[in-house]
Structure formats: structure tokens, C-alpha cells
Amino acid sequence: MNPALETLALAFREYCNPPGRTLFLGAEPHPDIHDVTACQPLKPLADKCMSAGMEICTELDGKFQTVLFLPGKSKDEILAGFARAHELLEPDGKLIVALANTAGASRFEKELSKATPLLFSVSKNKCRAFSVSNSEPWGEELLENWHELSKSRQIPGTDFTVEPGVFSSHHIDPGSALLAEHLPPSLRGRVADLGAGWGYLSKVALGKSPKISQMDLFEADSRALACAKKNVTGSATFHWHDVTKGLPEKYDHIITNPPFHTGQAKDTDLGKAFLTTAAASLKRGGTLHIVANRQLPYETHLESLGLRSRLIVETGAYKVIVSS
Ligand SMILES: C[S@@+](CC[C@H](N)C(=O)[O-])C[C@H]1O[C@@H](n2cnc3c(N)ncnc32)[C@H](O)[C@@H]1O
């Protein structure tokens, strides 16, 4: 289980009794956290919550006595989350945030305490849970700055809209840019973009290949998908979907920049699971267009799935492969 979740549950048990109406931002299931309004933008985690009997909310109404916040890794997302929690708290409500020490727990605890005094802080499982209340006023200037971070913004020099916390929210990912440059203008029929993010690859593919009849964007992060809906126009459909669970249809072409983080075995597994789904979802004669970090052993995995790979281009950091 996520150790930050364990630490959050510990603080919740200890300091929120009774918790009153409770909102859980970044929700994950835990036996000690129930009867909460749960928000979770990531489909695999939202699925876990739902399997555990939690309902996922997309629209919030009213205020909460307790807000639990288990943020992702992005600084902007965390600070914007503090401001969002403040807006949603009852006048005497309580916010509890939990983060791993390696994710900057003490830095963000300090940051939050600049707005309003800390109520408590618990260190356990190499994580920290810290809390503030809404009974004292929060620093207005800081709140305003944090609110600013939550706003949609544009990738400089483009008209792509992005939100904080989504993949590559400050620039076009260089790997994706390399794949985009090497996508052929001959894609046709039904195309799927796996891990479509805020829609960069789909938009380029649709612009380059006029014979694409339908582009299906599959993405786990509902915030990124909401941006993709603004960024990609034309024959496109948008699916809040966990790609590792397979696709509902088969495609003439698939494009993907699979998720990974260097040095973590489980993240290579996620990339491989993407390719397994892609291989199972190609029509006969279809092609799979991939960009990956150079050192990732995807060709061997593709071979084990019965696909032959061709290296299209390699740079110091990335490679583009086409498999069929
Ligand atoms: C390397 S990024 C590429 C994003 C986008 N294609 C681009 O070029 O900017 C990988 C994307 O996969 C998404 N992702 C991660 N796990 C996923 C899953 N299980 N199912 C679907 N999408 C997932 C991430 O949210 C992220 O947007």
C-alpha cells in the first residue's frame, strides 16, 4: 500500500474523530477511510476506489469539515490543491495533507504553514502528514498565487492548453516531438493514441495525415483528457481509460509515447503493458509508432508479441520505432 496513504489514514484516525463531512482529494482506498466524497483523476486509481465501494465525484457541492489531500508529484498541483482545499473547507474545517519525504513533505509543510499555522504534523513510513485549520484566516497573497497555479495555461509558442499536474505541462515533451516529426503522412483509417496526454501527438497526426478517418485518444488522467478535448478538434473521440486493460476495438495504426520513469522497474512494466495492449489491438497489416528512451528494451518485448520492429531514428536520448 502507498505509505503516504498509510500515514494519512493514521492522522485521520488520530485527529479527526468525528471527521464530519469529508472530501478526499487524490483518493485511494484504505480500510480506515470511508464515507468520504472521493476525487481521483487517474483511472487506474479511480477503478481501485470504485472496486472498494467508493464513489468517484466529478462535481463538488457544498463545504467540508475535513479535506484529505494525497497529491501527485507536481509542485503546481500541490500548491493549487492547498488553495482548492481552502475554498472547500467549512469555516472551522481541517485540511490534512500527506506526502512522502522524498516528494518534498517538509518543504510543502513549510509552504502551507506560511499561509496559516500548523495544527499538527505526523512522521511515519518515511512520509509526513500535516494539517492546518480554517479557523484562522489564510494569507491572502499566498492563496491568490496558489489559485493562479490552478489555471489552465498555454504551452509557449503554441495554442495547446494544459493544466498543472498533467504530463509535460510546461513544454512539448522532446520524445513526443521526435515521434511527431517522424510520423508519416500516410496514416489512414482508425488510429489510436495510447497515453494521449493533452493531445499533442493526436493533433499532429491528424494534421499530417488527412486520410485518418477517426482518432481515438486513450488517457488515464482525466485532467489531461479535458485539455485534449480543447486541443484536438475534428474526428476525435476521448476515452478516460486504463490502457493496460486493453482496448475495445482494433486499429489501422497506433501511436504512443508510453509512460515510464528511468530506474524504476515497475515503470518499465507499465510501458511494456502499453505495448502488449497495442500489439493486441492492431488490425492485420497495421503499424505501431513508438517513441521511447533509447535504453528501454522494447524491441525484445515487441518481438515476444510477434511484432517486427524497425528503428526509424535515434538521438542521444530517444528512439522512434515502427512495429508491424
Ligand atoms: C509519456 S506521456 C505521453 C503523453 C502525450 N502522448 C504526449 O506526447 O505529450 C504518457 C501518458 O500516459 C498516461 N498514462 C499513464 N498510465 C496510463 C494508463 N494506465 N492508461 C492510460 N494512460 C496512462 C499518462 O497520464 C501520460 O499522459
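These legends describe close-up views of a predicted model, beginning with the ligand and moving on to aromatic rings. Local features need a pLDDT of at least 70 and side-chain atom pairs count only at pLDDT 80 or more, whereas totals for chains, interfaces and linings use all residues. Residues are numbered from 1 along each chain as its sequence is written, and side-chain values use heavy atoms, with hydrogens and water left out.

View 1. The ligand is surrounded by 18 residues, the closest being S176, G195, E219, D242 and V243, where a residue is near a molecule if one of its heavy atoms lies within 4 Å of it. The shell divides into 10 nonpolar, five polar and three charged residues; Ala, Val, Leu, Ile, Met, Phe, Trp, Tyr, Cys and Pro count as nonpolar, Asp, Glu, Lys and Arg as charged, and the others, Gly among them, as polar.

View 2. An N or O atom in the side chain of S176 is 2.4 Å from an oxygen atom of the ligand, a polar contact being a pair of N or O atoms within 3.5 Å. A polar backbone atom of G195 is 2.8 Å from a nitrogen atom of the ligand, and a polar backbone atom of H241 is 3.4 Å from a ligand nitrogen atom. Of the 600 Å² of accessible area that the ligand has on its own, the protein covers 91% (Shrake-Rupley method, 1.4 Å probe).

**View 3. The aromatic pair of Y15 and F120.** This is one of seven aromatic pairs in the structure, and it is stacked, at 3.7 Å centre to centre with 10° between the planes (ring centres within 6.5 Å; planes under 30 degrees apart are stacked, over 60 edge-to-face and the rest tilted). Y15 belongs to helix α1 (residues 3-15) and F120 to strand β5 (residues 118-124), 105 residues apart (DSSP runs, at least four residues for helices of type H or I and at least two for strands of type E). Y15 counts as partly exposed at 36% relative accessibility, whereas F120 counts as buried at 9% (buried is under 20%, exposed over 50%, partly exposed in between; 1.4 Å probe, protein chains only).

**View 4. The aromatic pair of F160 and Y200.** The two rings are edge-to-face, at 5.7 Å centre to centre and 70° between the planes. F160 lies in the loop between β7 (153-154) and β8 (161-162) and Y200 in helix α7 (residues 200-208), so the pair ties together parts that are 40 residues apart in sequence.

Note on methods:
Polar contact = N/O pair within 3.5 Å; in protein donor to acceptor, adjacent residues only side chain to side chain. Phe/Tyr/Trp six-rings, centres within 6.5 Å; stacked < 30°, edge-to-face > 60°.
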